[in-house]
Amino acid sequence: MKINRVNYLTGPNLYSFKPTIWIELDIEEFEEKPSNLLPGFTDKLLKVIPSLHTHTCSRGYAGGFVERLHEGTWMGHILEHIALEIQHLAGIKVKRGKTITSERKGIYFVTYDYVEPKSGYYAFEAAIEIVTAILEGNEISAESYIKHTSDLYHLHKLGPSTEAIYHAARSRKIPVERIGTNSYLRLGTGKKQKSVQATISSQTSYLAVENSCDKDMTKTLLKGAGLPVPVGDVVSNEYELLQAAEKIGYPLVIKPLNGRQGQNIVTDIQNDEDLLAAFRVVYSDGTQYILERYYSGNDYRFFVVNGELVAASLRLPPIVTGDGYKTIGDLIDEENLDPLRGDGHEKAMSKIPLDERTVVHLEKCGYSLQSVLKKGQALEVLGNANLSTGGSAIDVTDEVHPSYRKMAIEAAAAVGLDIAGIDILSTDITVPFVDGEAAILEVNAAPGIRMHLYPSKGKSRDAGGAIVDYLFSSREEAAIPVVAVTGTNGKTTTSRLVAHLLQKENVTVGFTCSDGVWVGDQQLDSGDCSGPRSARKVLSHPAVDVAVLETARGGMLREGLAFRYCDVGIVTNVSEDHLGLNGVETLDDLKRLKQTVAEVVLPEGTCVLNADDPRCVDMAQHTNGEVVFFSLSVMNPEIQKGLKNGAKVWYLENDWVMFSENGKAERFLPVSHIPLTINGAARHNVANVLGALAAAHSLGRPLSELRSKVITFLPTENQNRGRFNVENIHDRTIVIDYAHNPAGLKALFETVDQLRNGGRVITVGSAAGDRQDHNIQEMGRIFGTHSDILIIKEDVNLRGRTPGETVHLLYTGVKESKNKTAVHVYPKEPEAMLQAWERSQPGDTLVFLYDEYPSIQGILQRIKASESVSVLQKAE
């Protein structure tokens with residue numbers, strides 16, 4: 001068995017709205033060996049991973065997958081279930097998988113959920129190793145694979161605090177994206193975006209963060225606001241340390257002036273000897289420390305967001321309980337094996353450190369790591385209660401007295417923090433504050449919220465949600481409108497027109513298409529930019545007010561969509577193109593892929609569908625948005641139904657573009673007044689116009705504004721480059737287009753046939769190598785049917801074909817058309833176009849179907865400059 005290709009579909013995709021791994025798997029000789037023909041395989045597999053008994057498979061009940069194993073199922077399906085189960089046993093919440101049989105023998109497309117890519121893919125590699133070991137008769141255990149999957153997951157996933165913010169945003173339908181590999185999240189899109197890193201937001205004052213990191217400055221600010229703080233002093237060396245200790249008096253606590261997460265803190269120091277020992281443990285050259293009076297009482301963390309108390313926790317130091325024979329070091333090691341504990345912040349609790357801090361604390365209490373506690377004896381093994389040093393927490397939010405609530409809120413305000421963790425030492429926070437019985441120890445920027453999410457006892461608090469709600473009161477406040485345009489043909493023209501219709505003063509439109517990326521008038525990128533990477537450039541650009549995104553097949557198959565929701569989804573049509581690639585092997589597969597855009601339209605959004613395409617019509621039942629149909633005929637059944645029911649519909653009637661809503665039809669414009677339609681001859685562009693108008697109107701653009709805008713969008717190089725551009729040069733008509741599949745060619749030549757004025761049609765065309773043979777031959781038949789002279793060229797990228805292969809297929813199709821078409825072959829695009837020009841006469845129509853647009857530009861310049869002299873002669 002071998003893996004041919006892997007795609008990580010991070011956004012909504014053909015298989016799921018969740019992140020999905022797609023694997024093209026060649027099971028080789030096992031195509032002839034389903035599980036029931038592998039003696040003992042099923043029993044051995046279930047012995048290695050007994051929990052596979054719980055899998056329902058497609059049968060919907062536990063044990064369904066085991067039944068399939070006994071009846072006979074193939075390796076792709078088996079590996080899918082193992083990969084899911086290994087992730088599940090590693091503590092990763094995954095559920096869905098699907099394996100699809102390819103039309104190619106032995107090839108399977110395995111898809112399954114993942115949360116973090118490295119662990120998700122490793123689970124599949126582990127599945128192959130487990131199956132291989134069983135088949136080879138080797139002993140194998142799943143434990144090491146499960147552990148490594150878990151380790152990879154926790155190493156690379158978001159930390160608990162950032163993860164909580166991420167999921168809170170997702171639950172509120174607010175766009176959120178992890179940037180880089182650390183704890184940085186971008187929330188929202190375009191001009192509305194904000195960001196967080198851990199729990200510091202883009203709204204957080206830099207000065208406030210600096211103030212909170214300087215413990216002495218924090219105390220000064222708190223004291224100035226009349227808030228209780230411990231008596232203390234800043235020290236840098238042992239002399240200053242002992243001087244300050246004498247002034248303050250024991251017991252004491254020492255901590256770094258610019259410390260965080262409870263690092264290098266020693267508490268409850270009772271004498272000079274212990275103080276010097278503690279100082280030598282935590283000391284780092286060039287670091288200043290705060291020495292403070294140690295207050296007895298309970299350690300509380302108050303979490304404040306935007307002037308509101310969100311949560312409060314009683315923090316407890318790490319504790320071990322003796323059994324009469326294990327040492328304290330052994331007990332700590334045992335406690336650290338708890339699956340809830342991890343390194344750093346990766347899990348709900350951190351591991352208890354085994355370092356000098358622990359040694360010093362134990363010595364102060366009269367113990368060492370080698371001491372043995374009596375059975376049932378509990379001991380605090382560290383002096384502070386930070387979660388990052390192994391502590392735990394109990395939620396006490398509902399018990400906080402208003403006076404302490406007020407104290408925490410005022411402390412955050414005094415330092416200037418919008419999001420803060422306030423550490424307060426108090427004997428009892430359920431009763432009114434009494435001066436001298438409580439003190440604010442610290443005010444923390446970027447406070448960890450694990451303790452509020454996963455308390456050891458008490459209610460979990462939506463601390464991540466509180467941060468998201470502070471940044472955005474609603475999805476509308478966070479997300480710019482998104483228009484997604486998909487379909488087989490017409491995507492680029494429709495996207496360009498929608499962007500044009502939405503442009504207005506003080507509105508910056510960002511849009512992507514197969515020709516580049518634009519933000520306003522600025523082009524950010526060129527080339528085919530109809531995929532998710534280009535879409536993310538627009539969605540993340542801080543100047544964009546609205547996004548129009550051409551959403552093509554290739555990007556959806558490679559990565560899924562770049563967005564979870566869109567406000568408007570347009571599906572222009574669905575016809576044969578690119579079949580046989582990445583698991584899309586039939587027209588129904590392609591339809592389901594394009595349907596993804598309809599499925600992610602928001603309930604309050606609009607799904608614009610071509611009523612003349614049955615596959616588009618079927619998508620209406622798969623969208624949550626309001627459906628707006630468009631058609632080239634008022635007699636279309638969906639248009640008639642819409643007119644009767646008062647739905648919004650756009651259609652053509654007596655050569656007028658019409659709009660109807662609430663049963664009231666209104667003439668919009670005569671189709672001949674819309675330049676893009678070439679006086680109504682370009683019926684495919686009439687359809688594109690209808691779809692674009694429906695989208696722009698659904699975003700609130702009035703009909704009067706759309707009338708004035710649509711007539712200013714011209715089929716020229718400047719506004720719709722390479723999409724039925726018409727040039728009249730030396731009494732010849734040159735049509736430049738990018739039609740690249742049978743449906744597109746038919747639409748193109750229907751328009752050309754109406755435009756030609758008695759002369760010949762000379763076509764320069766090719767076919768992309770990744771089309772199926774019958775599609776390329778069909779393109780040849782269309783070329784032959786509509787052309788008097790055909791000059792066949794080859795694309796620069798042969799896409800897997802050998803030189804001359806597509807030429808032969810096209811030539812075969814031309815001959816099948818039984819038309820007397822003269823066929824010539826010039827593989828290089830510029831030469832092919834020049835040869836077409838040389839063969840032309842006044843009155844002819846030349847159709848240039850380009851692969852690379854710069855070739856067209858250069859040829860047109862030479863033709864325009866040629867006057868009556870042969871371009872080839874001039875070149876010589």
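In what order do the six strands of the open sheet run? The order is E33-E34-E38-E35-E36-E37, with mixed pairing.

## Ground rules

This is a predicted model, where local features need pLDDT of at least 70, side-chain atom pairs count only at pLDDT 80 or more, and totals for chains, interfaces and linings use all residues. Residues are numbered from 1 along each chain as its sequence is written, and side-chain values use heavy atoms, leaving out hydrogens and water.

## The sheet

Helices (H or I, at least four residues) and strands (E, at least two) are DSSP runs, numbered from the N terminus. Strands pair if DSSP finds at least two bridges between them. E33 (725–729) and E37 (822–825) sit at the edges with a single partner strand each, so one side of each has no neighbour in the sheet. From one strand to the next, the twist averages 15° (axes are lines fitted to C-alpha atoms, for helices over the stretch in contact; angles run from 0 to 180 degrees between N-to-C directions).

Inside the sheet, E35 (761–765) and E38 (845–849) pair in the parallel sense over four bridges. Val764 has Phe848 of E38 as its bridge partner.

## Helices on the sheet

H29 (829–839) packs on the sheet and touches E33, E34 (732–737), E35, E36 (789–792), E37 and E38; contact means heavy atoms within 4.5 Å. The direction of H29 makes about 175° with that of E38. Then there's H30 (853–865), which lies across E33, E34 and E38 and runs at about 20° to E33.
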